[in-house]
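Please read this report with the sequence and the model open side by side. It takes up a few backbone details and then the chain, its domains and the pairing of the copies.

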Number of protein chains: 2
Amino acid sequence: MKISALTPLAASLPSTVPFVGPETTERRLGHPFTARLGANESLFGPSPKAIAAMQKAASEVWMYGDPEIFDLKAALAAHHGCRAENIVVGEGIDGLLGYLVRLMISPGDPVVTSLGAYPTFNFHVAGYGGTLHRAPYRGDHEDPQALLDLARQTGARLLYLSNPDNPMGSHHPAAVMAEMVANLPEGTLMLLDEAYIDLAPAGTAPQIDPDTPNLIRFRTFSKAHGLAGLRVGYAITHPELALAFDKLRNHFGVGRIAQAGALAALQDQAYLAGVRTQVEQARQRVSQIARTHQLTPLGSATNFVTIDLGRDGAFARATLAALTEAGIFVRMPGVAPLDRCIRVSLGPEPALAAFERALPAALAAAAASLGSHLGG
Amino acid sequence: MKISALTPLAASLPSTVPFVGPETTERRLGHPFTARLGANESLFGPSPKAIAAMQKAASEVWMYGDPEIFDLKAALAAHHGCRAENIVVGEGIDGLLGYLVRLMISPGDPVVTSLGAYPTFNFHVAGYGGTLHRAPYRGDHEDPQALLDLARQTGARLLYLSNPDNPMGSHHPAAVMAEMVANLPEGTLMLLDEAYIDLAPAGTAPQIDPDTPNLIRFRTFSKAHGLAGLRVGYAITHPELALAFDKLRNHFGVGRIAQAGALAALQDQAYLAGVRTQVEQARQRVSQIARTHQLTPLGSATNFVTIDLGRDGAFARATLAALTEAGIFVRMPGVAPLDRCIRVSLGPEPALAAFERALPAALAAAAASLGSHLGG
């Protein structure tokens, strides 16, 4: 006797994971990583006030969280100068992307993203049977015009773009984003993933009416706020679309500790400003490490620096593998030509120094292992 | 300009909530409830060791949780005498029910449940376009034979049953559940929701091979373990079905504090035993309060006592409304004839005493407001 049949769509999906967690690798290695620089977590940690709020909430966690997430939504609305009706809070941007795709995508519906952009969005689109169309990056940037053109050609229902960009760390100025929204094809909803916006140069976030009907912006407490393991993200959009999430979201899915921690983090903007300063210093430090080894650090508007190793994907993969064996967790873009790079999250000096120590041997090991393929 | 069109299925769904949270009512009342006895949360709270583990994890929450949830799954497998491959951990039973329905239900697929059983399951079935068929309760119990018959008649892909039952608090002995599983129609997967099993009489959980292909059992840390606001549930099923969840689950959805708290709670079985004792005492107390007012407490295998008020749904709703205004949060079954009852969660004496104090006036107010309709 076999298990009951899955739906045809579910049966067609692989049992895959968008990202292998560092713990999986640690179990294989038999020891923890020395430096955890692969998942764009904030090694600077969350606000002490957020930690205190979470610890207090831990003793109240026998209660479900407020399913309306009222207090956090009100605070977010005040912070962004919009109404609570413009805000949707969910289980990280990952969770919210899943709900949004479910609301909008029937099997076969076209969706546009960049070739090499966030895999978890692709995971959700595939999971609901959507058809992905991918525009290549232009250099190290997502290509607004190519994305718009592709959306128009394919009749895309969704267009995904992250600004600042993951995995390259690049960004477009606010005006480019505003221009994109103004030029969306009829019937295309733009998903503007601003997970890293708190770390971008001032003014990178475009000023766009939150009631704009063809735009949904995603924010998170996972990056600058240092709360990746808490799972709180939010979206800002037209109230009608925001309300539609109530049709299918896990209404009690954002728990009590999560709501308390996110609210306290939001209220500690002074701490956030300090993180921005530390991130900027760490950017300089990692960029200097890269240049020391004749590598090219890309400009970063995020909490990571993407380093162009100057060779191909095989070389970057070999370097990453050697770093991994040396106890340094980093990741890298998945597709060419972005995969000539590795991506190093930012953190305090000890982690960056560990990366610095391990890098030369990793580069040498990669060169040695691939030397015969490189003709030179 | 309007927002982009939702899928036809999403457009057809109401922006509804399976349950209104007590915080929503508190905002309307303008003050907190005196006694929070409506959501079957554990007023006895979680293990102090779980609180300590969550507080420790709060300072590490800049890290994502392990997406494989390895340690918790291993501990659960050891606890249940199965393999980790039999276990799926997710964002509460609510989250897991959503994933399971998504894996199994295409629009129009038939699903069987009991008339008046868990609304959030129905929410998910409707959310994926399934067609719900409902068998009435037999007295205060879900009716295994009626459910099996209905599954056979409708060709149901899923059959949901909770044992012990919510909202009635009743239970079937293990042998009845085992017999049900043995007699499932070909092609029907049974969802056995055992959210309250830790509070049921010893032996209520049937001993069934976890590799049984047409059964999935759901457990939670929200009830006896007192971690409702943490959002951790799990399922035990055939490894092939368990693996299928990886096709679509939010892989990082169970965060770092959640995993730590659940693991520590699982490891403190002595605390759990103490909760069972306290729950049994509180059952006696609430039952005595009911009998004092010539009401009928139903037998309880859960952390709540359902009280038959002996009249109709209008009377119970009026009583509940009066209790609410008096600062006592309770809930009640949604459909007749179960809605002659109210459902009182169990907790320490102060909350039960507050219920006791408020009950007579609430009954009197209900009787007064409905007197003219009752012909008596």
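Is B:I69 buried or exposed? In this predicted model, B:I69 has 26 other C-beta atoms within 10 Å of its own. The cut-off for a buried residue is 20 or more, so B:I69 counts as buried. B:I69 sits in the loop between α3 and α4 (70–80) of chain B. The phi angle of B:I69 is near 50°, which is a positive value in a residue other than glycine.

B:Q294 also has a positive phi, about 60°, and is not a glycine either. Its loop runs between α11 (269–292) and β9 (296–297) of chain B.

## Cis peptide bonds

In chain A, the peptide bond that joins A:N166 and A:P167 is cis, with omega about 20°. A:P167 belongs to the loop between β5 (158–162) and α8 (174–182) of chain A.

In chain B, a cis peptide bond joins B:A336 and B:P337, and omega there is about 0°. The loop that holds B:P337 lies between β11 (328–329) and β12 (341–345) of chain B.

## Chain A as a whole

Chain A contains 13 helices and 12 strands. Its radius of gyration is 21 Å, close to the 21 Å that the globule rule gives for 376 residues, so chain A is as compact as a globular protein of that length. Along the principal axes, the C-alpha atoms of chain A fill a box of roughly 60 × 60 × 50 Å.

Of the 376 residues in chain A, 58% are buried. Taking the contacts in chain A between residues at least 6 apart in sequence, 73% join residues at least 24 apart.

## Two domains

Chain A is divided into domain 1, which covers 18–45 + 270–369, and domain 2, which covers 48–267. The C-alpha centres of domain 1 and domain 2 of chain A are 25 Å apart.

How many residues of each domain of chain A are in contact with the other? Domain 1 of chain A has 24 such residues and domain 2 of chain A has 25. On the domain 1 side, α11 (269–292) and β10 (304–308) of chain A each supply at least two residues. α11(A) gives the most to that side, with four residues. By class, the domain 1 side that touches domain 2 in chain A has 12 nonpolar, nine polar and three charged residues.

## How the two copies are related

Chain A is superposed on chain B by a rotation of 180° with 0.0 Å of shift along its axis, and the RMSD is 0.0 Å. The two copies are thus related as by a two-fold rotation axis. Which residue of chain A comes closest to the rotation axis? That residue is A:Q55, with its C-alpha at 2.4 Å. The same surface serves both copies, as 100% of the contact residues of chain A recur in chain B.

## The contact between chain A and chain B

Each chain brings 74 residues to the contact: 74 residues from chain A and 74 residues from chain B. On the chain A side, the elements that give two or more residues are α2 (22–29), α3 (48–58), α5 (92–104), α9 (239–244) and α10 (256–267) of chain A. The largest share of that side, six residues, comes from α5(A). By class, the side of chain A that touches chain B has 34 nonpolar, 25 polar and 15 charged residues.

## Helix α10 of chain A

α10(A) has 12 residues. From its first C-alpha to its last, α10(A) reaches 17 Å, close to the 16 Å expected at 1.5 Å a residue. The helix is mostly covered, with 11 of its 12 residues buried. Among the buried residues of α10(A) are A:R256, A:Q259, A:G261 and A:L266.

What covers the buried residues of α10(A)? The cover includes α3 and α4 (70–80) of chain A. Chain B also takes part, and its α3 (48–58) and α10 (256–267) are included in the cover.

Technical notes:
Residues are numbered from 1 along each chain as its sequence is written. Chains are lettered from A and ligands numbered from 1 in the order in which they are written. This is a predicted model: local features need pLDDT of at least 70, side-chain atom pairs count only at pLDDT 80 or more; totals for chains, interfaces and linings use all residues. Two residues are in contact if their C-beta atoms, placed from the backbone, lie within 7 Å. Ala, Val, Leu, Ile, Met, Phe, Trp, Tyr, Cys and Pro count as nonpolar, Asp, Glu, Lys and Arg as charged, and the others, Gly among them, as polar. The radius of gyration is taken over C-alpha atoms; the globule rule is 2.2 Å times the number of residues to the power 0.38. The expected span of a helix is 1.5 Å times one less than its number of residues. Copies are superposed by least squares on the C-alpha atoms of residues with pLDDT of at least 70 in both. Domain bounds come from an automatic or database domain assignment.
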